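Student: Here is a model I would like to go through with you, term by term.
Tutor: Go ahead and ask.

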Amino acid sequence: MTKKNILIVEDEPFLGLNIKQKIESFGFHVIAVVPSGDEAFQIVSEKVPDLILMDINLEGSLDGIETAESLREQFSVPVLFLTGFLDETAKHRINQNPSYAYLMKPFTTDQLKEAVSDFTA
C-alpha cells in the first residue's frame, strides 16, 4: 500500500513541525510544510498531494480558504482546515464544499488522526 501524500500549510513553524510529526506517526508522507498560499501552489504544481492540511490565517496575500479554492479549481485536492478561529462567513465558505472540512485548534492527536483518516480512506 502506498503512503498517502499530505501537504501542510501552516504559518507557525513550530506548529507546522508538530503537525508533520503527528501525521508521519500515523503512517502518512508529508510532502512539505509551507507558510503561505504562494508556496503551497509551488509544491502542488510539482506534486499533487492526496490531502492538504491548511491553516486559514497564512502569510502572504491569500488566506487559507482563498488558497484552497484556487487549488481545488486547478488540482481538485481535498482540504482539511486547521484553525483556531472560524467566523460564520468562513464556516459558510467551508461548508459549501464537500471536499472541505475543518478541525478547531487546539485539537488532540486522536482528533487529527480521525479527521485525516476520514479524507484518506
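Student: Which residues does UniProt list for "domain: Response regulatory"?
Tutor: The unreviewed UniProt entry lists residues 5-120. Over that range the chain is 47% helix and 22% strand, with the end C-alpha atoms 9 Å apart. This is a predicted model, where local features need pLDDT of at least 70, side-chain atom pairs count only at pLDDT 80 or more, and totals for chains, interfaces and linings use all residues. Residues are numbered from 1 along each chain as its sequence is written, and side-chain values use heavy atoms, leaving out hydrogens and water.

Student: Why is Asp55 called buried?
Tutor: Buried means under 20% relative accessible area, exposed over 50% and partly exposed in between, with a 1.4 Å probe and protein chains only. Asp55 has 4%, so Asp55 is buried.

Student: What does UniProt annotate at Asp55?
Tutor: The unreviewed entry gives "modified residue: 4-aspartylphosphate"; such annotations may be inferred rather than shown by experiment.

Student: Where does Asp55 lie?
Tutor: In the loop between strand S3 (51-54) and helix H3 (64-75). Helices (H or I, at least four residues) and strands (E, at least two) are DSSP runs, numbered from the N terminus.

Student: Which residues are in contact with Asp55, leaving aside neighbours within four places in sequence?
Tutor: Contact means heavy atoms within 4.5 Å. On that basis the partners of Asp55 are Val9, Glu10, Asp11, Gly64, Leu82, Thr83 and Lys105.
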